[in-house]
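Subject: Structure for your review

Dear colleague,

Please find the structure below, handed over for your own work.

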Amino acid sequence: MMMNSTSIVYLIALPLAGAVILLLAGRRSDKWGHLLATALCASSFFVGLYQLSLMFNRPSQERPVSQKLFEWISVGTFKIDAGLLLDQLSICFVLLITGVGTLIHIYSISYMAHDPHRRRFFAFLNLFIAAMLLLVLGDSYLNLYVGWEGVGLASYLLIGFWNEKPAYATASKKAFVMNRIGDMGLSFAIMIAFATMGTVSFIGVQAAVEQTSTPVLTGIGIMLLVAAIGKSAQFPLQAWLGDAMAGPTPVSALIHAATMVTAGVYLITRSNFIFDAAPTAQLLVVIVGAITLMFGALIGTAKDDIKKALAASTMSQIGYMILCAGLGPVGYAFAIMHLLTHGFFKAGMFLGAGSVMHGMNDEVNMRKYGALRKAMPITFVTFGLGYLAILGIPPFAGFYSKDMIIETAFNAGGSKGIILGIVTLLGAGITAFYMTRVMILTFTGTPRWDEKAQPHESPWLMWLPMAVLAIGSATSGYLLSSNDSLVKWLSPLFESHEEHHELLPPIIVSALALVMVAIGVAIAFLKYSRREIDAVAPKNVSIFTRIAREDLMQDRLNEAVFMRPGQELTKTLVKTDAVIIDGAVRAVGRLTIATGLSLRRVQNGFVRSYAAFILMGALAMIVAIWVVVQ
Amino acid sequence: MDAANYLYLSALLFTIGAVGVVVRRNAIVVFMCIELMLNAANLSFVTFSRINGDLNGQVVAFFTMVVAACEVVVGLAIIVTIYRSRRSASVDDASLLRR
Amino acid sequence: MNEVALQVGQTAAPEALLFWILAPLTLIAALGMLLVKKAVHSAILMAFVMIALAIFYIAQGAPFLGIVQIVVYTGAVMMLFLFILMLVGVDSSDSLTETIRGLRPIAITAAVGFGGLMVSLLSRATLGRSAVGVEAANSDGNVEGIAQLLFSTYVWPFEVVSALLITAALGAMVLAHHHRIQERPTQRQLSIDRFRKDSLATAAGLPAPGVFARHNAVDVPALLPDGSPAPASINASLKARGDVLDSSRFELGTVDTSADEEK
Amino acid sequence: MMWLTLLMAIPIIGTGVIAILPKKNEQAVKQIALTTTLIVLATTLAMATRFQRDNVELQFTEKYSWIPSFGINYALGIDGLSLVLIVMSTILVPVVVLAGWNEPQGGRWSVKNYYVLILVLETMMIGVFAATDLFLFYVIFEAMLIPVYFLIGGYGTGERSGAAVKFLIYSLFGGLLMLAAIIALYVISSSQGGATFDLAALSGLQMSSTTQNLLFLGFFIAFAIKAPLWPLHTWLPDAADSATPGTSVLLLGVLDKVGTFGMIRYCLTLFPEASKTFTPVILVLAVISILYGAILAIGQRDLKRLIAFTSISHFGFITMGIFAMTSQGHSGATLYMFNHGFSTAALFLIGGWMISRRGSSTIADFGGLQRITPVMAWMFFLAGMSSLALPGLSSFVSEFLVLVGTFTRYPVHAVIATFGIVLAALYILIPVQKALHGPTTPGNENLSDLNLREKIAIAPVMAIIVVLGFYPSPLLNVINPAASHVIAQLGFSDPAPSNGGK
């Protein structure tokens with residue numbers, strides 16, 4: 001029996017209260033709203049730390065705690081409690097969300113200082129934190145679903161924060177709709193689970209897996225994968241993430257790098273019991289991860305927009321995590337580890353990008369940067385630490401987490417292992433290439449600034465969080481993997497079948513990875529550092545570059561396959577409704593009127609014709625009598 | 001000779017009266033045709049009275065006459081009123097109901 | 001007994017003679033009502049039908065009704081009809097062309113069907129049955145017999161009908177009553193109007209109609225010195241009835257001699 | 001105590017008071033109308049506290065002979081289903097009165113008449129849900145059309161007369177079919193132990209399957225017109241387009257619920273076998289309604305018509321839940337009726353305020369409202385979120401219950417219907433983007449934000465939407481016994497977890 005706790009709810013309640021207060025108080029809270037929001041987020045973080053300390057003090061089997069708040073839905077056998085579950089997995093997320101979240105709150109105080117709607121921004125941030133916490137703390141798939149859509153809403157609101165620009169408004173709508181397609185997968189999974197297992201709580205489903213047939217589990221698994229694909233911007237629902245960069249940069253850092261987009265990884269690891277029992281679904285997870293990994297990396301090589309390049313990188317890194325999570329019990333912990341380290345370095349880099357934009361009049365085109373190293377030393381250093389981490393240079397964070405993934409991929413066994421290993425290695429190389437490109441274009445070379453640009457270092461409120469995250473990027477990998485601490489921490493949750501194939505020894509994998517990275521960096525140096533960079537993106541580029549700039553034609557494809565036919569269908573149906581269905585209704589009306597009009601001629605007002613009708617009526621009656629008499 | 005002959009005559013007179021109501025336009029002629037129909041009915045009543053051998057039929061015929069007289073009085077008054085306002089005694093001109 | 005019943009049931013030979021002479025005439029007169037153009041002629045034919053019917057009543061042992069028929073119908077009602085006819089315009093003749101499309105065929109078809117069916121049904125209903133005859137009922141005299149019924153069995157309807165009659169009389173008065181909108185002008189007012197109105201043209205009285213050597217009927221307008229007709233010389237109600245002759249026929253120079261030639 | 005009669009009498013008394021007021025004193029008329037509706041609400045809530053929620057029998061029953069020679073009674077009584085709908089109606093009416101304070105001004109007739117019509121309508125709304133005599137139900141069912149007809153035709157905008165006539169004739173047509181079926185039931189009952197219109201007595205009649213099918217159709221078509229089910233829906237967009245927002249709220253929020261209410265109370269109870277026979281067809285129609293309504297909503301350029309089409313989609317969900325014959329589907333459908341009342345009310349009222357401020361109902365005429373009228377814009381957004389069934393808001397619980405309940409028995413239908421939630425995102429977000437987001441377009445610069453009265457009017461609706469999203473138990477506890485009772489009466493039980501055949 002799981003221990004009960006009464007304090008988990010505060011994790012969610014604090015930021016939620018912040019959101020409610022700020023939204024309801026309106027302009028009155030403009031002065032202090034951002035401070036309240038930051039404070040509440042921070043206190044939620046401290047509650048998380050407190051919970052972690054409590055957990056440490058318990059033996060590993062008793063670490064999960066739960067809290068039942070109230071009965072949410074109960075109809076027949078469909079009983080859902082508003083219940084929370086805090087275990088080793090969720091506490092990782094809680095700390096990541098609230099920790100990075102607090103840093104980004106602090107950053108935003110300064111970043112959004114000149115925005116008249118800063119208070120609303122903080123309200124949405126708090127709303128997001130609350131929803132995200134609900135997502136990772138919910139004790140059933142339905143509770144998770146609430147958080148799942150809640151973060152979708154918060155993401156929508158924050159992407160569209162500057163929605164007076166039509167393109168940004170469209171981007172937010174696109175994100176919400178594509179997320180909803182994924183959400184549909186989650187609702188299918190919940191429906192199948194309830195219909196076949198009679199429960200949708202994590203514990204209940206885990207217990208019922210044994211008695212459930214594989215096709216059903218495969219079905220649930222695939223539907224969960226669809227949900228993860230939507231939320232984590234995996235192929236083929238990845239198109240929204242690039243556009244989501246329309247939101248303020250802290251949002252990109254928090255939601256579209258560190259937390260929300262990783263919810264898919266959480267969902268898959270959380271549902272490990274289903275995927276472990278459904279190999280087909282697991283294979284699909286790996287395939288999706290591998291495709292996205294390459295997809296994102298390729299897009300990243302062509303983007304001139306610094307945020308979009310980072311977004312493509314995020315997509316690719318999440319591809320790594322998904323791939324790893326698809327590799328079964330051996331992979332879950334490494335997926336989570338990469339998720340955590342990625343949370344640090346990618347958030348740090350996004351904040352760095354924000355800092356650069358802050359100093360450059362919100363210019364996002366890297367071709368107009370250059371030589372910012374001198375103007376923004378702190379930003380350069382923090383961004384650089386993140387850069388080293390994502391490349392996987394030892395001893396920075398990425399080295400530990402990414403190498404583990406590559407290693408696990410190679411060890412997956414058979415041709416699958418070899419293919420995956422090569423893909424992950426290739427991905428690492430491409431990552432090195434495009435990240436080096438970003439570094440070179442932004443911080444080195446000659447200035448290609450606009451006339452008005454006056455690059456300057458950001459205020460301390462902005463660089464402090466960046467520094468903290470940079471430290472995290474530098475050290476988190478070591479901290480999490482020394483003594484296999486994270487793996488051991490999470491191991492009670494995952495059924496581990498310790499079967500190491502060991503295709504390649506770890507040291508060789510690391511060496512290979514470093515070689516790939518070195519190649520990537522070298523190519524980037526050759527290509528961008530040796531010659532002048534055009535301030536305007538060259539047009540006469542190869543077809544591959546052009547396709548990569550177009551996000552590998554995904555938008556075109558979606559447009560051609562779904563949007564245009566959808567619009568045509570809508571137009572046709574609107575017309576059909578008016579002409580055929582309503583037309584039929586109106587035709588009945590017209591027919592009645594026409595009948596009436598033609599019969600009206602009989603009522604011509606002439607007494608004599610009425611008399612004639614009476615005469616005919618009398619005749620008819622007599623005929624009737626005659627017939628009867630016959 | 002059969003008493004039924006009177007009934008045949010009555011039926012024919014009635015029919016002629018009915019046709020007259022339909023065919024003629026002069027309100028006074030129409031009225032006379034109505035009178036013809038009433039009279040035809042009266043003839044039937046009288047004949048029935050004879051066939052049945054009691055006087056009830058004759059009494060009814062008598063009543064019919066009184067009612068017919070009433071009707072003529074009122075009807076002609078209406079015709080006069082209409083004539084006064086429309087300067088016409090044609091029933092076709094009194095077709096306001098159409099609109 | 002049967003013999004007797006048969007005998008009284010049969011129309012006696014004189015009655016048959018009467019019927020077979022009078023009935024066709026009645027039918028012809030009734031048909032004539034429909035076919036003649038002038039309402040007055042219709043009225044005359046109607047009177048004939050009614051008298052014929054009265055004779056039939058008497059022949060069928062209903063002398064009281066026969067007399068009443070002559071007195072009330074031919075006397076009072078037909079008089080009323082003629083009176084109204086005079087009021088409305090005795091000369092105006094109906095056009096017999098039908099103006100409502102399709103009405104005449106419908107009427108004739110319906111009438112033929114109706115009449116035919118009535119006759120056919122009557123023949124079925126009475127075939128083989130013989131009449132009882134009212135001789136027995138009339139033993140105390142026809143008038144007494146009717147009075148007996150009228151004041152016993154039918155006393156209530158009788159009273160109701162009498163109320164109806166009075167109501168009808170009142171109704172006719174109300175309907176025919178001309179509601180005066182303005183006050184009736186006095187002689188004094190009329191004189192003032194005649195002289196003080198905008199023109200003195202009528203001060204000497206309206207011109208008399210038809211003061212003309214050729215024609216002096218009231219429906220011919222007088223001619224003014226320039227030879228044009230004087231509209232004021234014709235009575236307004238004649239004009240309204242459309243009974244005014246065109247005076248141009250009588251103008252000098254274009255004298256219509258057709259009237260002379262007829263003579 | 002005769003609670004239900006009392007409930008029905010209070011608005012009539014209010015009508016009487018309004019009738020003796022002078023026509024010119026419009027403020028007093030409005031205040032009395034509001035007071036009356038609030039008294040009704042308070043009385044309803046007082047009654048609701050006395051409701052025994054685990055008792056599946058009818059409660060607060062009353063029965064008086066009305067036309068003895070035909071066995072017609074004035075019989076009232078409610079179960080959980082009716083109670084929920086009555087509570088919904090009595091909350092919505094004061095909201096509508098307060099929200100549409102200036103609505104009757106543009107009407108053909110006086111302000112006084114407007115409120116008389118609203119109050120009369122309220123009486124009938126209570127009566128139609130409470131009647132347990134078929135004849136009484138029918139009379140109120142048809143009589144309800146009259147005030148709505150005048151409300152649309154007299155106080156609406158645009159093609160109001162045409163829309164009112166279309167609404168009236170369409171509904172009357174359905175009502176006529178139902179009348180025929182009711183008379184047939186009466187005749188059948190007379191051959192089986194006494195002619196009656198009593199619902200309970202009629203539900204046990206023996207009928208041949210053909211008879212039952214025909215009579216079922218007579219009822220069902222009437223209700224399908226009311227609860228607009230594809231393809232009998234075309235009156236709704238026109239009516240909603242022309243009616244005032246307040247009227248639209250009552251029309252879609254309450255009157256259309258009579259359709260879905262009738263399906264449960266009359267179609268299922270009176271004709272259990274026929275209901276089973278027709279379930280496949282009805283489910284397909286419901287699924288078509290869901291997707292069709294959503295797609296057409298996406299294609300609309302007019303705000304009011306858009307909301308009307310979203311309702312068609314939502315009614316598809318309700319119908320699907322009813323005929324899924326599971327307790328989740330049934331409870332979900334009933335809860336959906338309640339929630340839909342409020343989310344549609346919010347959309348229509350706020351949409352109506354937007355339209356009356358802008359003087360146009362074309363979505364493209366708006367733009368950037370979020371910065372000019374933030375409160376109004378965010379309220380509209382919240383209402384829209386409720387309409388697309390965002391978790392945490394009330395509609396989600398009901399929509400998900402319907403889907404889950406349908407899935408356990410008819411997985412294919414549920415899966416297809418689920419695509420509606422993606423379409424829902426589109427049909428809400430497209431108008432949100434066009435009207436609230438983007439740059440401020442000319443003509444919108446000087447729109448005013450919600451005033452205090454409007455905020456007060458919309459606040460309870462929003463509160464219900466949010467609170468019931470997180471805590472629907474109070475309602476579900478009332479609904480569940482009634483819903484499972486109906487399911488059990490039909491001889492259904494929830495499918496057991498299948499384990500996928502392992």
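Which chains have the most contacts between them, among the four pairs of chains that touch? That pair is chains B and C. Please bear in mind throughout that this is a predicted model.

Other pairs do not meet. Chain B and chain D share no contact, and their closest C-alpha atoms lie 23 Å apart. Chain C and chain D likewise do not touch, with 35 Å between their nearest C-alpha atoms.

Chain D does meet chain A: 50 residues of chain D are in contact with 47 residues of chain A. On the chain D side, the elements that give two or more residues are helix 12 (272-298), helix 14 (327-358), helix 15 (369-372), helix 17 (394-409), helix 18 (411-436) and helix 20 (473-489). Helix 18 of chain D supplies the largest share of that side, with 11 residues. Sorted by class, the side of chain D that touches chain A holds 27 nonpolar, 20 polar and three charged residues.

Two helix pairs within chain A may also be of interest to you. Two packed helices are described by the angle between their axes and the distance between the axes.

The crossing of helix 13 of chain A past helix 19 of chain A is left-handed. Helix 13 of chain A contributes residues including Val286(A), Ala290(A), Leu293(A) and Met294(A) to the contact, while helix 19 of chain A contributes, among others, Leu420(A), Val423(A), Thr424(A) and Gly427(A). By class, this contact has 11 nonpolar, five polar and no charged residues.

In the other pair, helix 3 (residues 88-111) of chain A and helix 15 (residues 329-359) of chain A pack at an angle of about 5 degrees, with axes 11 Å apart. These two helices of chain A are therefore also roughly parallel to each other. Cys92(A), Leu96(A), Val100(A), Ile104(A), Tyr107(A) and Tyr111(A) of helix 3 of chain A meet residues of helix 15 of chain A, among them Ile336(A), Leu340(A), Gly343(A) and His358(A). The contact of helix 3 with helix 15 of chain A comprises 10 nonpolar, three polar and no charged residues.

With kind regards

How values were computed. Residues numbered from 1 in each chain as written. Chains lettered and ligands numbered in written order. Predicted model: local features only at pLDDT ≥ 70, side-chain atom pairs only at ≥ 80, totals over all residues. Contact = placed C-beta atoms within 7 Å. Helix = DSSP H or I, 4+ residues; strand = E, 2+ residues; numbered from the N terminus. Nonpolar A, V, L, I, M, F, W, Y, C, P; charged D, E, K, R; others polar. Left-handed = near helix turned anticlockwise from the far one by under 90°. Axes fitted to C-alpha atoms, helices over the stretch in contact; angles between N-to-C directions. Parallel < 35°, antiparallel > 145°, perpendicular 65-115°, else oblique.
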